[in-house]
Amino acid sequence: MLKQLSLYVENKKGTMTDITRILKEEQINILGSVNNDGPEFGIVRMVVSEPERAYEALKKAGYLCRMVDVMGIELADEAGNLHRLLSALTDSYINVDYIYLSFNRNTSQPILIMHVKDDDIFEVESCLRAKGFTAV
């Protein structure tokens, strides 16, 4: 299980530069990220090397953020593997709220970051391990 930061940010010039500056100053590495924008506000979701420190630094800087549990599932970089993973979840009646990709710096394999309902995360991890997937 991984910790993800979700930041609710104003959609304006320089916001991402400010966020990355704060993380740089704290020597925190961004391991995976996805940005969803809207006309006025957006959500920046990211998995970082030190989530608690990042949370505190960003909150201190005035960002509205929260920390949630997400799963990281390593996938071999082969055609059809994402479909195989999603089919395994569908077959087990598991709903995924959102997904994005990162990679495992140790194995150079893609990692699918996904969020499921909080009360399901341990069940989902167990289900996927039983079906041959590797959680990180």
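## Strand β4 and its partners

Let's start with a pairing in the sheet: β4 and β6 run antiparallel and are joined by four bridges. One place to look in this predicted model is glycine 72, whose bridge partner in β6 is isoleucine 113.

β4 also pairs with other strands. Strand β1 (residues 2-10) runs antiparallel to strand β4 (residues 64-74), with seven bridges between them.

## The largest pocket

Now for the pocket. The largest one has a volume of about 180 Å³, and 13 residues line it. Lying nearest the centre of this pocket are Leu31, Phe103, Asn104, Arg105 and Ile111. Two or more lining residues come from each of β2 (30-36), β3 (41-48), β5 (96-103) and β6 (110-116).

What is the make-up of the lining, in nonpolar, polar and charged residues? Eight of the lining residues are nonpolar, four are polar and one is charged.

## Where the two topics meet

Strand β6 links both parts of this report: β6 is joined to β4 by four bridges, and β6 also gives two or more residues to the lining of the largest pocket.

Technical notes
Residues numbered from 1 in each chain as written. Predicted model: local features only at pLDDT ≥ 70, side-chain atom pairs only at ≥ 80, totals over all residues. Heavy atoms only, no water. 1 Å grid on protein atoms, 1.4 Å probe; cavity = no way out; pocket = protein on both sides within 12 Å on 5 of 7 lines; lining within 4 Å. Points joined across faces, edges and corners; volume = space filled by probe spheres on them. Nonpolar A, V, L, I, M, F, W, Y, C, P; charged D, E, K, R; others polar. Pairing = 2+ DSSP bridges.
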